[in-house]
Every structure is written in structure tokens, then in C-alpha cells.
Amino acid sequence: MTYLFRLMIPVVLLLSLSSAAQPDLSRYNLTWTRPGQNAGESMPCGGGDIGLNVWVENGDLLFYMSRSGTFDENNGFLKLGRMRIKLTPDPWAKAEKFCQTLKLEQGYVEILGELDFQPVKVDVWVDVFHPVIHVDIQSRKPVSLEVIYESWRNEDRVLTDGANQSNRSFLGAPVKAVVRKDVVGFHGQDVLAYHRNDSQSPNAFDLCIEQQGLSSVKDRIWNPITNRTFGVLVRGQSLKPAGRTKGQYASTEYEGWRLKSKSAVLSHKVAIYTHVDQAESLSQWKEDLMQLAETYEACEDHRTLTQDWWKQFWQRSYIVINDKQEKTTPWTLGRNYQLFRYQQACNAYGQWPTKFNGGLFTVDPEFTEGKQKYSPDFRRWGGGSFTAQNQRLVYWPMLKSGDADMMRPQFEFYRRTLKAAELRSQVYWGHRGACYTEQIENFGLPVAFEYGWKRPDTYDPGLQYNAWLEYHWDTALEFCWMILEMHRFTDQDISAYLPMIESCLVFFDERYQALNRQRSNSPLDPNGHLVLYPSTAGETYKMAANPAPVIAALQVVITRLLSLPDGLITEDQRAYFTDYLKRIPPLPIRQREGVPTLAPAGRYERIQNVELPQLYPAFPYGLYGIGRSDLEIAINTWKYGADREGQKDYISWHQDAIFCARLGLTEEAAAKTVRKLGDSGRRCPTFWGPGHDWVPDHNWGGSGMIGLQEMLMQTVDDKIYLMPAWPKEWDVIFKLHAPGKTVVQGKMQQGKVVDLQVAPSSRRKDVIVLNGGR
């Protein structure tokens, strides 16, 4: 059963985590003293791999339910449904008695009300160890309960091209995407609802296979779509079926299945059991769901274990700024850092990565952008497809926050799809290596829209026919680097990922030797270097030769591989990579304003987007910055290296704060971070966006976390630099993780670092305190 996997990892963590004291995070609790107006004013709640959007509207408690892996035939990321909880009498009728709080340290949402001057308390929480959602109700006066499971997928629905932003392979496709209806009904005293992917319908996997000419190898490519089944069982103490209802929420019609309590009592408990699996048969899926419910109800105190997990989670790390000055701008940055880390942890143990474009917390799109009148399943930039440049920013901050165990879903994404990436190289070009593209479906092939539905017949079948994405293959190398950095930080076993890393490197070697041989009858340039052309620097500098991000990635990944012990790479591999390193061309340099700067590429033909990839050698690849030589070249690049308006910005995936912190530019890093991690302008302060993407924008929050961490601590080789870009006027209490299984914690007060603790103590000699200056 799939839920057993999520049970295994957290238990190990609880046994191994430190019991060090931590600051009181209760002041960071998110508290609202009035009900919401709509789902756009919802509060995040979750755990394990489940996310809820919780709000109270017109006397009803509502929440959307999302879970990692709920991909339909179109590879849309569907919600599990919406719950509506009605209490009679209504404890929230007196608005002045209403209080809804996200209790960060315990990981749940508490909603308070009142009946006849007596308190009513409703707790909404998710079990971290099992895929179960709970609603616990306590009242001093008897209340009746009505629980309604609401579904808007009650009939087959053909999607328009606008709605296909959630299923991007069907954008412009010759066939229509059809969202198949769910099966919902009463099951004894419960409600059972599920979606099972229809094997007879057009699906995203078959669509991409046929479009991209891979039918001959279809059986060798992993297919996560077929037989995928997901759903819920809604069960409550002393509840019985009470008929069906219909209605409309926002712009979407729905049907509801009602359960009602047999009488008014002082306490109610509702449990919603969720299950996601690629079951061979529907009967097997149902049997597994029922077994989950039966075994769960007979087990230990799940809530205590879950709250213990959250307690240990917050002990891993923290950044608390100006803790004595609540509601000030620096204090708010610390609050939002912690709150967004909570959102990340809600998918700590999912089988799929956290989506950059909303994570588990999207709502009806008209509350994000008013013109988008689609169902609650909608999100821009796809459901089951992933955009690597955005995904990376969700996961980089987990190293220093001590959450490396939460990075596995992203790494597994690439490991599972390795065969598809290698088959692309073999089928299209006849050589080895893994060719991962930038916009990629969860089975490892390019999104069909970005691959191109109107491709010229003579166009290279291995390329995406897309002006932003042509030759954009190097983002997989960044995840290779992330895996190697995770190993450096934690010493975790990465042997399962080394074949993927090797294959990514082999691809660049063989692809560009082959391309240069076509042009010049020689695999290398006169200096014995690869000619990385045609290529790209991000999505911005197109038809580029020797782009900086590709060169930097190849340099650092190969160098780190060569530093691994013999047990992880063979002698033959070591010899190959030693020679390969010599074939990598030098980073390109150009003159700007009379000074040398990093160039985005040796040359390029056009500018397509607004990234700043000329600074990728500084972040993520660490070739320039504090503690490195030629720092002034990188600073010059920040000052003079941009080529168009918009390359410096703070929204979404822009990395300005990270770059400035890496370069020791304290004032600029602080100013950029204030804009990046400041309140979102929505009711939930960390529901940023949409920016370039969607709400809540997780690569916005992730890049903000990275920037704050880099201002506070940077790790260069064996050195740990503290306060390299930290404003002296920002007091801070911190605990962060560094390479070599090192934990650094302490305070900065009035510009001085105090109470510094480093574990293991042998690493104390490697700490260099800069106090906000280079």
C-alpha cells in the first residue's frame, strides 16, 4: 500500500533529531478574527503529502483537499474535493467571537466560536504519518453536525484551450481534453468518492508518445497515468446519510453528499481517509482504502505523534528576526520565512515534488485572477508537468533548513524518468545520455504544447519547437548538483542517483561532439574544448554558444563527482570524467562600462526572456562570491551585466536577493529580500503571486528563503561565513545546517554574533564571522 512509504521516513527522523531548545514560534501563528469572504481568503493546513485550504464563510467551515499524485488522464492535478462542515446552532454567528488560527508549532488550524457564552472549538489537522484528514469538534453546548462532500466533477467535461493551461499537452492538440466524471456515492454510513483514469480515453502519455515518434519504445517508458486511482472515504462518529444537494460555488456547479449526526452532542469527530495508487483493479484500490480506515482506527494516538513530528520539525532550524519588535518589516520577513516553510512541509513525504505553481494550496482561479472562470482544479503552467528552473528554487532552501529528507520527491522525479530521457537520445540521435527538457511531463517527455503541434516536417525530432525552450537541456544538471550538495551536507547515500548524474553528463559530451562534427568534421574546437552550440543561457539568451550556466554546471558537477570516494565511482568513470573536465570551455567574459563582467554566453542570437543567467556561476554553482577569487567580476556583472529591462526584479523566480547576498552586497540584498518575503497582499501573507506563475507561488517563497539564508550564512568549501550580507540593525536568532552534518546556531544582537554554537565542535574553527561586510 502506498501510504506505508510515508510512514517509514518520519519515524526514523523522530529517532534521530536533536532535542535542542528553540524560540517560541507561537508569535508567528496566523490568526484571523473574522470569517472569510471566499476561498481566496483561506488558510493553509496539511501534513505528510496533503494540503488543505481552510476558511469559514457564511457560517460554514469549508476546505479544499489536495494530495500529491492525483493526476488524471490529461495529467491535470485534480483536487480530492471540497468539504463543507455545518454546525447547528451556528457558533460563528457572532462575528466578534470568531477566531481562526494556524498553530504553526503543532501544525493544525483551530477555529473558535461561541454558543450561549460557551466556547466551541474546531480543530482541522492532517496526520503526518498516514493520509488522513481530521475535523475534531468540542462544544460546551450540544451541537448537531452536517458534513457535505462536494464534487464539481459530476459529469464528463470537455476543456477549452484556456482551461488546458492545467493540462498543457492538450493546448492546441488535435484532440480535446476531457475531464472524466468522478464516482461518488454513499457507502454504508460513509461517503466514498474516487477518480480512476479511464484506459479507453485519450490521455497525456499516449498523446506525447505518438506526437514525439516514440511508439516503438512506448513499453520501455514509465507510465504513471494508466490505472491511477485517487479518492476519499468520509466517515464520522454517529453520522448517517442524509441525501444529496446541488449548488454553485464561485463559477462552478457542484453536487454534495450529506452526512448528518443522529443527535446534538458535545463532541464530534470526522475522518477523511485518502488513497492514491496505480492499482491494477478498482476492487484492489477500494480494498486498500478500507484497510487503511480499519487499521487506522485501531491504532495509537495519531494526533500526539503528529504534533511530536511538528515539534521536531521546528527544532531542525529557524530564522527569527527582531523577535522583540512584532509587526515590523524585519519581523515580518522572519514570520513569512517560517510560514512558507510550513507550506513546504505539507508535502514533506509525497511521492511527487511540490509544484512551484501553487503547491497543494490552489483555489478557484477567479480568486487569483478574476477573468479565469474555471474549476478549482485549474492552475496555470500545468498540473502533472514540471518546469525545472522553477522547481529548483522550491528545493534549494531545504539544505540549510535541515529538511534534506524532503528533497527526495524531486530527486526521485528524475530517477524515475531516466529511461525516457535516455531513449530520447537513442531514438533521435543514436547516442548515449539522458536528454531532459525544461518543460517536462511527469513521465519524462516534453510537454506536447512546448514540443510543438505545428512543427516543420524537417525539424529535429529531439528538439522542442518553442522559442523559449529550444536546446534548453541543462536544468537537469542543476538537480545533479543539488543531489551532490545534499550528499555534502548530510552524507546521505546518493548511489541510486549516480547513474542519472552520469547519464546527464554523457549526454552533453556526446551531443555536442556530434553537433560539432556535423559542422567541422571535428568533435572539438582547436583548443580541445567542447563547442556548446547551439545552446541557451536559461530561456533568455537563445542560439547561444558556450553559455555560462551550462559551463558552470558541467565544471562543478564533474569536479564534485571526481571528489567522491572510490566506492561511489569506478576507475573507468574517474578516468573518463578527468578527461571530460579538460574538454569544458572557460566561462565567457565581456567588457561592460570599461570593466570585466561575466557574459551570458560566448555569443548569442537573440534575447527571449528576462532571467539573469550570467550570474548563475555565482548561484547556484558557487564559482563566484564570498570567499572566492575574482569577486569583483561578479559584482560588476550585477551592476552592469543586464541586457534588458526586467532582468532585475523580485517577483516569482527572480533571484536578485540571492545574487546580492552571494556577492556580499548587504544593503541591496536586504532591500530585495524585503520585497521578496514581504506580505503577499492577500489574506494569507505567503500566498504570493501570481507573478509569472500562479498562487501561491512556491518558487517565489523558495527563492525568498534562499536569499535570507544566504544573507545569514554561506558555505564555501570547508568554510562557513556568518553574516556575509546581514544588516547590523536586524537582530536575529538562527539555527541553520552546513556541510559535513554541521549545525550552526546563535544570535546576532546589536551587530555582534553571540551565543554561537557549532556541532560538531570540530567545525568551530571553520566559522568566519563577517558581521554584514566582506
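Here are legends for a few close-up views of this predicted model.

View 1. Phenylalanine 577 and tyrosine 580 sit three residues apart in helix 14 (residues 571-582), about one turn of the helix. Their ring centres are 6.4 Å apart and the planes meet at 20°, so the pair counts as stacked. Both residues are buried. The model's count of aromatic pairs comes to 44.

**View 2. An aromatic cluster.** Here Tyr428, Trp429, Tyr471, Trp473, Phe507, Phe508 and Tyr512 come together as one cluster.

**View 3. Arginines over rings.** The charged end of arginine 416 sits over the ring of tryptophan 352, 4.3 Å from the ring centre. Arginine 392 does likewise with tyrosine 616, its charged end being 5.1 Å from the centre of that ring.

View 4. Glutamate 150 and arginine 82 pair up with their closest N and O atoms 2.7 Å apart. Glutamate 150 is in strand 9 (residues 132-151) and arginine 82 is in strand 5 (residues 81-88), so the bridge ties together parts 68 residues apart in sequence. Both partners are buried. They also belong to a salt-bridge network with Asp60, Arg84 and Lys86.

View 5. Aspartate 116 and lysine 141 meet at 3.8 Å, N to O. Aspartate 116 lies in the loop between strand 7 (108-115) and strand 8 (118-126), while lysine 141 is in strand 9, 25 residues apart. Aspartate 116 is exposed at 55% relative accessibility, whereas lysine 141, at 31%, is partly exposed.

Terms used. Residues are numbered from 1 along each chain as its sequence is written. This is a predicted model: local features need pLDDT of at least 70, side-chain atom pairs count only at pLDDT 80 or more; totals for chains, interfaces and linings use all residues. Side-chain values use heavy atoms; hydrogens and water are left out. Rings of Phe, Tyr and Trp (its six-membered ring) pair if their centres lie within 6.5 Å; planes under 30 degrees apart count as stacked, over 60 as edge-to-face and the rest as tilted. Helices (H or I, at least four residues) and strands (E, at least two) are DSSP runs, numbered from the N terminus. Buried means under 20% relative accessible area, exposed over 50%, partly exposed in between (1.4 Å probe, protein chains only). A charge sits over a ring if NZ of Lys or CZ of Arg is within 6 Å of the ring centre and within 35 degrees of the ring normal. A salt bridge is a side-chain nitrogen of Lys or Arg within 4 Å of a carboxyl oxygen of Asp or Glu.
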